Amino acid sequence: MAGAADAPASPWNIGGAVRVNYVYKSWQPEYRHGFVGLDTLRLDVKYDDGHLIGSAQYRYNHFPAGQGGYTNNFLHHGWAGVRFADKSELHVGLDKVPFGLLPFASNNFFESIAYYLGLEDTYALGINYAWRSGPVAWRLAYFARDGGSYGGGGNTARASNRYSFNLVPDDDKLGYGTGQGDRERDTLVARAAWHAPGEANTELGLSLLSGAIHSNNGERSRRRAAAIHAKGSRGPWAMMAEALYYNNDTRHLPGQTFGGLDPNSFVILGAFGYPYPVAAKGVVYVANVSYDIAGSAGPFTGFKIYNDYSVLKKKTGGFKDSLQNVTGLSFSSGKWMFYADVMLAKHQPYMSPDFGGLAATSPLHDGFSRRINLQAGYYF
């Protein structure tokens, strides 16, 4: 007779995470010694019986006063799918956009500058198919729309209460009052990644994206992006590199602007409760290197040191470049995960005081700013 130990494992997996940050920002004299606060509460649900698969995650953020003193909550992702006999997978729902370096173009918690353009770690609603042919992994996806907006405090912009940075309608009170109301629709994405045979851990890839922009003035236009990427490792060393081009071919009305800018030189993106302007056209370069440290220190293990560099060169409006460099250390202990990141940046919304810096940079913030982020996360 089969015992309890022989019972098949449940296809369901329920987990989550609680994360707390210490933050120091060089441009906040009122917090000379930084501050501590809750970052995220998260619930994860997964299903996998070998054939039917699915995954969903919901997040709640409660940021302290030094980060705006606000809350928001949103569906990070939620999809159901099928795994076929040849190991290919079909997903339907709110799923990751298969563009560029996957799963991330970064090692640090704050990701690369591509994330803040909606071109890294972005989720949208549609259908996603992944398969492999010899050494090449293919992904083809169609997304009817973005991931939508969810809930937040009264001091957040409703359309920007989301995880992924998407084109969103501007907000008169908490945005820039431009009257722009763009939304992403009907996006096609194709990705091919070649993996070196044998023991070599090398990947070379190409991604293409094309989608519609529906504006609130009745105009229809397109957005496009293309990226080439490479990553690999040798012993404890690993590297990532990416070059990507994007173009939002907008058709805004003359009055849909601020500060005298050409209304088609920028678009409005939003996430985590707030919208901001981004150059409508640009090129991004990413260069990351990391080193895994063997062994342990007491209960701590899995040490990785890294340096992640990325820059946005804007190809419209005469805007200045935005760049960020993050040097950090990550490690773990059981179900705990820790990050220690030191960030240097300019004209970057989350690492400098120039919140509009991904488009019309302010001459008041032309130097480098520094942000330190220490995070402890418990994952269960």
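This is a predicted model: local features need pLDDT of at least 70, side-chain atom pairs count only at pLDDT 80 or more; totals for chains, interfaces and linings use all residues.
**Group meeting: a first look at this chain**

Now the overall build. We have 20 strands and zero helices in the protein chain. The C-alpha trace spans about 75 × 50 × 40 Å along its principal axes. For 380 residues, a compact globule would have a radius of gyration near 21 Å, and the protein chain has 21 Å, so that agrees. Of those 380 residues, 51% are buried. And of the contacts with a separation of 6 or more, 59% are between residues 24 or more positions apart.

On charges, there are 35 positive and 31 negative side chains, with the centres of the two sets 2 Å apart.

So, on to the rings. How many aromatic pairs are there? The count comes to 33. Take Phe74 and Phe272: they sit edge-to-face, 5.7 Å centre to centre, with 85° between the planes. Phe74 is in strand S4 and Phe272 is in the loop between strands S14 and S15, so this pair ties together parts 198 residues apart in sequence. Both Phe74 and Phe272 are buried.

Another edge-to-face pair is Tyr276 with Phe355, at 5.3 Å centre to centre and 90° between the planes. Tyr276 belongs to strand S15, while Phe355 is in the loop between strands S19 and S20, 79 residues apart. Is Tyr276 buried or exposed? Buried, with a relative accessible area of 0%; Phe355 is partly exposed, at 28%.

Methods. Residues are numbered from 1 along each chain as its sequence is written. Side-chain values use heavy atoms; hydrogens and water are left out. Helices (H or I, at least four residues) and strands (E, at least two) are DSSP runs, numbered from the N terminus. The radius of gyration is taken over C-alpha atoms; the globule rule is 2.2 Å times the number of residues to the power 0.38. Buried means under 20% relative accessible area, exposed over 50%, partly exposed in between (1.4 Å probe, protein chains only). Contact means heavy atoms within 4.5 Å. Lys and Arg count as positive and Asp and Glu as negative; His and the chain ends are not counted. The place of a charge is taken as NZ of Lys, CZ of Arg, CG of Asp or CD of Glu. Rings of Phe, Tyr and Trp (its six-membered ring) pair if their centres lie within 6.5 Å; planes under 30 degrees apart count as stacked, over 60 as edge-to-face and the rest as tilted.
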